[in-house]
Amino acid sequence: MVRFFLNGDAVTIRDVSPETTLLEWLRGAGRCGTKEGCAEGDCGACTVAVLDVTASGRRWRAVDACLVLVPQLEGLSVVTVEGLARGAALHPAQQAVVERLGSQCGYCTPGVVMSLFEATYRSDVASSEARDDQICGNLCRCTGYRPIREALDDVAGLDPEDAFRAARAQAEAQPARAGAGARFAQPDTWDGLWAALARWPDARLVHGATDVGLEVTKQHRVFPAVVSLQALPELDALRDQGGGWSIGAGVRLSDLEAASAERLPVLARMLRYFGARQIKNRATVGGNLCNASPIGDLAPVFLALDATVLVRSARGDRRVPMDAFFVGYRKTALAPGEVLVAVEVPDPPPSARCAAYKVSKRRELDISAVSAAFRVEVVDGVVTGARLAFGGMAATPVRAFAAEAALVGAPWTPEGAAAAAAALSALSPIDDHRASAWYRSTVARNLLIGFAEEGEGPLPPRHAGTLAVGGAP
Amino acid sequence: MKQLVTLQINGEAQTSAVPPHWTLLEALRYGSGLTGSKQGCDKGDCGACTVLVDGQPQLACCSLAVTAQGKAVTTIEGVADARGPAAIQRAFDVCGALQCGFCQPGMILSASALLARDPDPSLEAIREALSGNLCRCTGYTRIYEAVALAARWLREPGDMRGEQANVMGPAAEGFSVVGAPLRKRDAIGKATGEVRFTDDLVLPRMLHGKFLRSPHAHARIVSIDTSAASALPGVFAVLVGSELTTSYGIIPWTPDETALAVGKVRYIGEAVAAVAAVDEDTAMKACRLITVTWDVLPPVLDPERALDADAPLVHEADPKGRALSSNLCKEVGLSFGDVDQALADAAVVIDDHWTYAGSTHAPIEPHCAIGSWDPDGRLTVWSSTQVGHYLHRELARVLGVAESAVRVIQPAVGGAFGGKSEPFDLEFAVAALSRKAGRPVKILYTREEVFYAHRGRHPMRFHFRIGADASGKITAVDNDILLDGGAYHSFGLVTAYYAGQLLSGPIDFGTYRFRSRRVYTNKPCNGPKRGHGSVQPRFPLETAVDEIAHRLGIDPIEMRRINALPERGGTTVNGQFVPSCGVRACLDAVEAASGWKERYASLPPGRGLGVATSMYISGTAYPIYPNDMPQSAVVLRGDRSGRITAFCGLNEIGQGSDSVIAWIVSEETGVPLSCIDVVSGDTDLCPVDLGAYSSRVTMMAGTAAKEAGERLGARMRDAVAAKLGVPPERMRRRTGFWFDGDDPERAVDHVTALRLAEAAAGMPLGEVGAFRTRKLGADYRGGTIGASPAYSATAHVVEVDVDRETGVVKIVGVWAAHDCGRAINPVTVRGQIEGSVYMGLSEALMEEMVHDGKGLLKATSLLDYRIMTSMDTPPIDAHIVESIDPVGPYGAKEAGEGPLHPAIPALANAIWHATGARMRTMPFTPERVLAAIRAVGTREQ
Ligand SMILES: Cc1cc2nc3c(=O)[nH]c(=O)nc-3n(C[C@H](O)[C@H](O)[C@H](O)COP(=O)(O)OP(=O)(O)OC[C@H]3O[C@@H](n4cnc5c(N)ncnc54)[C@H](O)[C@@H]3O)c2cc1C
Ligand code: FES
Ligand code: FES
Ligand code: FES
Ligand code: FES
């Protein structure tokens with residue numbers, strides 16, 4: 001059984017399988033305003049808003065209903081496009097789409113409206129980058145986006161005094177989210193988690209479900225059981241610990257992006273080009289690392305920054321260095337019954353220069369052809385330490401040890417980098433329809449040289465405009 | 001001790017026992033549960049508790065309940081009625097007259113009392129009436145505006161929402177509607193999620209269907225065993241190809257498809273069987289229980305290989321059963337003038353190969369259809385189609401029933417772009433499954449299935465030769481085109497012609513020859529995508545023209561001016577008559593807006609500008625199946641209530657065609673837009689329109705609407721003239737009125753005008769109008785293909801920034817000018833231009849249908865098949881050029897497809913300008929761009 005609020009009304013659903021997505025349920029229940037365009041998180045037609053409460057605050061978040069597992073909604077409030085207007089009075093997000101003629105065929109419109117809805121209540125969407133990010137997860141095939149973007153500009157940050165603002169203010173700081181069902185558990189204590197895992201040793205762990213959701217909608221997977229980590233305490237916390245930062249496994253990537261802008265810009269830079277807003281509003285750090293994808297975008301950053309992961313099981317805690325975490329194609333060092341609790345990232349030494357890059361065909365909502373993260377320590381123009389990590393260059397995210405060795409002791413110049421880059425040939429990149437091996441190695445090399453070219457001091461974006469390639473100071 | 005009190009609350013007698021000290025407010029809130037009336041002070045200071053007692057505003061907190069015995073009390077709960085919120089309530093919302101809303105109930109009742117006694121209150125009167133109602137939030141201005149607006153609405157009834165929402169600016173000179181920036185009719189319904197698309201419809205007892213699709217690109221079906229599937233509980237019908245063998249195809253001469261594969265499959269993803277069950281999961285489970293025995297055949301995937309003598313045959317026989325010996329599905333060869341001589345004489349010749357990648361429409365709504373039979377054996381199919389009429393015909397044929405026994409209804413369609421412009425397996429399957437199961441059946445494609453249904457842009461390979469004289473005049477074009485058709489014919493015959501026939505303007509060639517061959521391969525079938533067949537050859541033409549310009553030292557924009565067709569009455573080298581061509585004005589517009597002259601020579605390395613032009617048809621002269629009936633018709637029904645309903649079979653797919661009809665009818669009759677309904681996309685109710693393709697709707701349905709509107713308008717005019725005693729020629733109209741041109745004070749409103757006309761006719765008002773096919777086109781075989789009543793013209797300038805380390809191209813800006821003849825509504829035209837530009841740039845930069853060596857489509861999701869997000873889409877600066885065409889309604893041509901064409905070559909030309917690399921293969925992915933840059937060696941890598 002799951003209980004949540006839909007457009008202000010309490011909803012109780014009995015006998016819902018853990019593989020039921022919110023989109024499926026909504027449409028089956030006759031709430032057809034929310035559309036299905038792909039059922040895999042790519043189009044945003046199914047966008048709805050969830051009032052999410054985490055250690056980072058309470059906020060309305062736009063999420064893709066096709067990737068939300070219904071039982072995970074326990075205790076939460078959901079708003080769909082049908083819940084916005086008050087009688088004939090449209091919500092500002094709807095009014096703006098109407099005024100700006102942001103709708104042609106109208107199929108993307110409900111999702112667009114809901115992304116605008118999130119923006120209406122955000123206080124951090126002043127920049128044009130943030131606005132681009134806000135709607136890049138809503139594909140529209142008719143309008144060319146200009147009117148949608150204008151509608152967004154109309155409403156971003158309005159935060160009107162209305163029922164939605166009130167609901168956010170009134171949301172409980174610690175909503176009761178523990179849930180259970182026939183093949184489902186969402187424990188809110190660690191002991192509850194160990195009990196659930198003891199009961200179903202084969203259970204699939206899930207957090208944001210942006211990966212697991214795809215297995216459900218695309219491969220029609222039925223799991224022995226699903227255990228959700230969403231209600232566990234402290235998982236969504238960001239903590240300063242002497243000389244470093246501890247990032248909870250459950251921190252939503254959109255929150256991490258905001259928090260790391262100052263604290264760890266190199267990470268923010270990478271997150272800038274990650275998925276789309278709706279995905280980042282659900283996706284977590286733990287999910288990104290534990291799926292162990294060779295093209296997962298956070299792994300290279302954490303590898304370059306020499307991070308350690310904190311792992312917990314009924315038996316206790318242990319720490320695993322990032323370098324030892326990925327043990328094979330889509331395989332991690334986690335033993336059965338273990339969950340990732342946090343990633344601990346030491347502050348880069350003062351002599352370090354860091355950068356992260358993601359190269360893909362599309363600026364947003366794309367899988368990397370190559371991703372890279374570098375941490376190079378330079379003293380008096382000479383490299384004293386180097387950690388060079390790549391995604392897309394092997395079966396797992398990897399460090400380029402040979403190139404690192406070649407770099408240490410060399411002068412930090414484009415020529416020095418070029419010489420070291422020759423050693424990248426030790427890697428054997430993926431060769432597939434997304435990009436050829438030739439392209440991946442050429443770009444990996446060019447990224448390293450380009451990094452060295454950027455020189456000292458605060459960096460402007462590398463090539464004015466080529467934002468698919470983000471450099472970070 | 002309580003006392004019995006009877007009150008008439010909101011029209012209903014309620015008797016309750018109340019303590020004698022209760023105020024009316026307490027009795028309402030606690031006794032009757034009517035908490036709408038607010039308590040702000042409980043001592044008569046704020047007015048939040050205002051109710052009407054016998055029609056008079058009264059402070060409910062200040063009167064005892066018992067004193068209201070027997071009186072009529074109106075509270076806020078009684079203001080709205082079954083029709084929805086009252087005018088005053090809507091007005092409050094529209095004017096933004098509320099913030100916290102606590103004062104609103106009292107305000108609204110005070111205002112209602114005022115409006116009841118004074119239909120046209122002055123501002124002073126409004127202030128006076130509301131003086132007892134305190135508001136702490138709004139500053140009152142908006143509240144006063146709201147009361148005034150409500151008063152206006154009450155005096156002039158009409159659709160309040162529509163009226164305030166629709167008009168955003170003045171009409172063109174001499175018109176009352178045409179040329180005005182108007183909102184589309186469905187904007188609000190779309191913004192609230194109320195508009196119903198096909199998958200939003202649910203019928204009682206409806207089943208859900210799923211397909212079993214082929215895992216092989218080419219295989220014979222030896223046998224199919226469906227017994228286990230049929231036996232699965234919850235399954236109501238299973239269908240295989242042999243039950244529905246009548247073949248169909250959008251072109252009547254080439255019906256080579258069947259609803260489900262018969263005998264063999266020709267691409268991975270082709271439907272083999274279909275199941276209807278209680279839900280999708282059960283249907284899917286049943287599909288997995290079907291066993292097919294395959295005889296797997298070698299597939300042919302490459303179009304050149306397909307022409308080899310020993311290539312496997314995709315089709316062994318043609319639709320008539322005659323054996324085929326090759327995969328060549330259509331070959332066209334046409335020649336105009338002595339091309340070889342002209343090439344030999346040319347000062348510059350470019351001779352090279354180009355490759356255009358296949359791309360797909362990817363509408364955000366996946367295809368969906370519902371089939372249902374009524375007890376008398378009539379079939380209704382609801383479908384997300386853009387060609388309801390052709391679907392109607394083919395359904396009847398394939399299912400073996402009379403056309404009169406089929407009704408096709410097209411609900412709102414969530415984007416189509418050519419991807420829903422022929423019948424698909426699901427439409428036949430829902431009909432047949434529903435017939436078998438005796439219950440309605442719905443099928444919704446998964447996104448993956450949308451990719452298999454495809455019918456997207458044909459991949460084309462070109463061997464293109466072009467020559468120019470020293471002055472830059474294009475003297476010869478020779479184009480050898482190979483089209484990869486995929487597994488079926490689709491529109492193939494037309495595509496093969498269009499690839500050559502539509503290229504001959506706005507750049508005028510001295511001589512022209514093309515050969516175009518379309519071949520079958522074992523891949524999902526290609527068809528028409530926005531700019532059918534004519535987008536691809538623009539890529540070689542416009543990039544080669546650019547190259548010639550640079551070789552001759554001519555500015556690329558000037559180069560296009562030198563070669564442009566005349567502005568009025570031009571004829572192309574292949575004999576198509578072009579009544580108007582505004583390409584020069586388009587070039588002027590983009591040249592100025594992009595700062596071309598100042599910037600072209602001085603951009604830093606890595607930055608580049610590129611230009612390109614194009615021309616496109618506004619409908620085709622002839623329908624797909626030859627007949628002498630009109631291509632489009634409109635029936636108007638005038639009602640004495642003051643409304644007009646327009647019936648037209650057109651297919652609204654988001655482009656705004658319903659709105660165009662309403663605007664035209666309003667223009668011609670003076671009936672306000674809020675009083676015009678459009679019924680479209682229903683083959684039972686509407687006269688024919690052939691569908692939303694080849695940019696024909698404004699031209700054809702618009703002409704039909706204009707003709708019908710003129711006729712109905714003439715009747716209204718004559719009837720009013722007779723009433724006023726003035727000659728009909730002196731009558732004039734403006735929105736809502738007919739009046740005497742010499743004495744505008746003598747006017748009759750549109751409601752009266754319709755009544756007078758009905759009285760004069762002595763029968764209900766009905767009128768018809770149509771677009772009839774005129775003879776067009778040149779006098780040779782194929783000379784009518786590409787013949788159109790009018791042609792639009794477009795020019796783009798694109799600016800890029802190319803990262804030379806990664807090959808990533810960022811589009812910095814795009815300026816697009818489009819000659820649409822007359823913009824009946826500039827806002828929707830702009831929407832079409834912007835949407836087209838976006839779509840063209842997207843396919844140029846990242847879209848590609850990629851298959852592996854076995855014919856498996858590699859990108860079947862919107863993540864792997866990349867389409868531009870808002871992030872990649874540059875600011876689009878759209879300009880409208882109005883050449884006022886002599887043929888189209890009010891001079892209108894088209895705007896839905898033409899503006900896409902130049903995007904691709906303009907982008908390629910900009911990449912060249914930025915890097916020196918000439919892109920010959922699409923899309924321009926980072927990998928291709930990086931390779932091209934390295935090949936020219938403009939920079940050490
Ligand atoms: C449209 C779209 C775009 C995307 N774009 C990107 C992108 O640009 N870059 C990128 O790297 N990824 C991308 N992804 C992939 C995905 O969103 C991320 O990997 C995300 O971070 C996964 O987090 P999650 O919480 O949703 O994981 P879930 O789906 O909940 O879980 C993923 C896996 O991790 C396991 N897991 C989760 N949390 C824990 C834990 N604490 N301990 C142990 N195991 C755990 C689960 O069992 C599961 O196997 C995209 C996905 C989609 C649908
Ligand atoms: S349906 Fe496309 S993102 Fe959910
Ligand atoms: S309006 Fe059609 S997809 Fe956006
Ligand atoms: S409650 Fe304030 S006047 Fe009645
Ligand atoms: S709107 Fe708040 S008191 Fe009037």
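## The domains of chain B

Let's start with how chain B is divided. Its domain assignment lists domain 1 (3–78), domain 2 (87–195), domain 3 (200–297 + 367–444), domain 4 (534–616 + 789–940) and domain 5 (632–771); such bounds come from an automatic or database domain assignment.

This is a predicted model, in which local features need pLDDT of at least 70 and side-chain atom pairs count only at pLDDT 80 or more, while totals for chains, interfaces and linings use all residues. Residues are numbered from 1 along each chain as its sequence is written, chains are lettered from A and ligands numbered from 1 in the order in which they are written, and side-chain values use heavy atoms, leaving out hydrogens and water.

## How confident is the model?

The predictor's confidence in each residue is called pLDDT and runs from 0 to 100. For chain B the mean pLDDT is 92, and 96% of its residues reach 70 or more. Residues 161–166 of chain B have a pLDDT below 50, and this stretch makes 13 contacts in the model beyond near neighbours in sequence (contact means heavy atoms within 4.5 Å). The model scores ipTM 0.80 and pTM 0.82.

## Where domains 4 and 5 of chain B meet

The centres of domain 4 of chain B and domain 5 of chain B, taken over C-alpha atoms, are 39 Å apart. Their contact involves 16 residues from domain 4 of chain B and 15 residues from domain 5 of chain B.

Together the two domains bury about 1,100 Å², with 70% of it on carbon and sulfur atoms. Buried area here is the accessible area (1.4 Å probe) that two parts lose on being put together, summed over both. On the domain 4 side, B:Ile824, B:Pro889 and B:Tyr890 lose the most area to domain 5 of chain B, together 44% of what that side buries.

How many salt bridges are there between domain 4 of chain B and domain 5 of chain B? The count is 0 salt bridges, where a salt bridge is a side-chain nitrogen of Lys or Arg within 4 Å of a carboxyl oxygen of Asp or Glu.

## Where chains A and B meet

Now look at the meeting of the two chains. The contact takes 79 residues from chain B and 74 residues from chain A. Chain B and chain A bury about 6,500 Å² between them, 58% of it on carbon and sulfur atoms. In chain B, the residues that lose the most area to chain A are B:Ile364, B:Arg866 and B:Met871, together 12% of what that side buries.

Between chain B and chain A the count is 7 salt bridges. In one salt bridge, the side chains of B:Arg866 and A:Asp366 meet at 2.5 Å, N to O.

## Around ligand 1

Which residues come nearest to ligand 1? Of the 35 residues around ligand 1, they are A:Leu205, A:His207, A:Thr210, A:Thr284 and A:Asp297; a residue counts as near if one of its heavy atoms lies within 4 Å of the molecule.
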